[in-house]
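Colleague: I'm new to this one and would like to go through it step by step. Could you bring it up, please?

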Amino acid sequence: MIDVLLQTLPFFALIGLGFGASARGFFPPQATAYLTRFVFYFALSAMLFRFSANLTLSEVVDWPFIWAYLLGGGAIYLLATGIALIRKRGLEEAAVEAQCAVIGNTGFLGIPMLALLIGDAAVGPVMLVLAVDLFVFSSLIVILITGSRDGRISPAVLGTVTRGLLTNPMIVSMALGFAWSATGWGLAEPIGRFLDLLAGASTPGALFAIGASLAAKSAERVSVAAWLSFAKLILHPLAVGLLAFFVFEVDRFSAGVMVAAAGLPVAGNVYILAQHYGVAPQRVSASILISTILSILTVSAILAWLNP
């Protein structure tokens, strides 16, 4: 456990560096926004394209894996939704809390960290986790909140969801990468070097941006945020792990990567959505802050379990 903790500490130290730079005013919020945009649209997209261009879709798609992650995440989503409704928070707040319980920071933290710590073989399973999060769970919050406000799920809502998916750079970069792979052409050396250089900025840039954004987060509604952090860091990986290992019998390596990805802290884009819709942004903010701090130990524990 100590050895794994020492391996993960540099990643969280970069997050801490970003936090300190922003908290001291050296890295203002506007700089954080532009750094996040650079990582999201350029560096991380280059990394995803490079990985997917060297894989075939048949190598990545694993239906037992998808079902295990989807149903495990769905169970926690329903649990978080039910508890919010029991507390009489309403469907909109319930949707936001459920999002906190199942959407991890897979893009900015999971892909760069797990690829470096576990190896490139982890990339395919992590991309499957990312795809399910984007296509299913990230779409649900838009459908539920908009449908709740309109009293129905209209074609316009589905159109909004579809446009969001088709313009998401992570989805576009993976799709283009697999399309390139399907041609059978390799990447020319100058293109490969260009992608390597750009993708190399994704890990430090993403981790620094996570930390800088955390400096603006508050720890209000701590009791609810603690529950949501527990659901995200403990219940979510436990649920998908039980299904992956004992029900769908996913191979041990892929199942382990799934559990590690499920154990990541709450993603920052949940806060963006909560703020956009004006639904419990402080609660989400506290959940991101608390889950990120605690994940130093929980993610290390999961990785130690994966590599006994």
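**Helices, core and pocket**

Modeller: Let me begin with helix H2: at 1.5 Å a residue its 25 residues should span 36 Å, and its end C-alpha atoms are 34 Å apart, which agrees. The expected span is 1.5 Å times one less than the number of residues, and helices (H or I, at least four residues) and strands (E, at least two) are DSSP runs numbered from the N terminus. This is a predicted model, in which local features need pLDDT of at least 70 and side-chain atom pairs count only at pLDDT 80 or more, while totals for chains, interfaces and linings use all residues. Residues are numbered from 1 along each chain as its sequence is written, and side-chain values use heavy atoms, with hydrogens and water left out.

Colleague: Where is the kink in H2 centred?

Modeller: The kink in H2 is centred on Val39 and comes to about 40 degrees; the bend at a residue is the angle between axes fitted to the seven residues ending there and the seven starting there.

Colleague: And at which residue does H12 bend?

Modeller: H12 bends by about 35 degrees at Leu235, and a proline, Pro237, follows within four residues. This helix covers residues 222-247, and its 26 residues reach 35 Å from first C-alpha to last, close to the 38 Å expected.

Colleague: What comes just after H12?

Modeller: Just after H12 there is Glu249, with a positive phi of about 50 degrees, although Glu249 is not a glycine. Glu249 sits in the loop between H12 and H13, and its relative accessible area of 65% makes it exposed (exposed means over 50% relative accessible area, buried under 20%, and partly exposed in between, with a 1.4 Å probe and protein chains only).

Colleague: What about Lys88, buried or exposed?

Modeller: Lys88 is exposed, at 72% relative accessible area, and its place is the loop between H4 and H5. Lys88 also has a positive phi, of about 60 degrees, without being a glycine.

Colleague: Going on to H5, how many of its residues are buried?

Modeller: In H5, 10 of the 13 residues are buried, so this helix is largely enclosed by the rest of the structure. Among the buried residues are Glu93, Glu97 and Gln99, along with Val96 and Cys100. H5 runs over residues 90-102 and reaches 19 Å between its first and last C-alpha, close to the 18 Å expected.

Colleague: Which residues does Tyr77 touch?

Modeller: Not counting residues up to four places away in sequence, Tyr77 touches Ala95, Ala98, Gln99, Val102, Phe137, Leu140, Ile141 and Leu144, where contact means heavy atoms within 4.5 Å. Tyr77 itself belongs to helix H4 (residues 63-86) and counts as buried at 5% relative accessibility.

Colleague: Which residues have the most contacts inside the largest nonpolar core?

Modeller: They are Leu48, Tyr69 and Val284, in a core of 98 residues. Helix H7 (residues 123-150) gives the most to this core, with 13 residues. A nonpolar core here is a set of buried Ala, Val, Leu, Ile, Met, Phe, Trp, Tyr and Cys residues joined through side-chain atoms within 4.5 Å. Leaving aside neighbours within four places in sequence, Val284 is in contact with Val96, Cys100, Val270, Tyr271 and Ala274.

Colleague: Where is Gly263, and what does it touch?

Modeller: Gly263 lies in the loop between helix H13 (252-262) and H14, and at 0% relative accessibility it counts as buried. Setting aside residues up to four places away in sequence, Gly263 touches Lys232, Leu233, Pro237, Thr298, Val299 and Ile302.

Colleague: Changing topic, how much space lies in the largest pocket?

Modeller: About 1,500 Å³ lies in the largest pocket, where a volume is the space filled by probe spheres set on grid points, joined across faces, edges and corners. On a 1 Å grid over the protein atoms alone, a pocket is an open set of points where a 1.4 Å probe fits, with protein on both sides within 12 Å along at least five of seven lines, and lining residues have an atom within 4 Å of a point.

Colleague: Which residues lie nearest its centre?

Modeller: Of the 48 residues lining the largest pocket, Phe40, Gly268, Asn269, Ile272 and Leu273 lie nearest its centre. The largest share of this lining, 8 residues, comes from H14.
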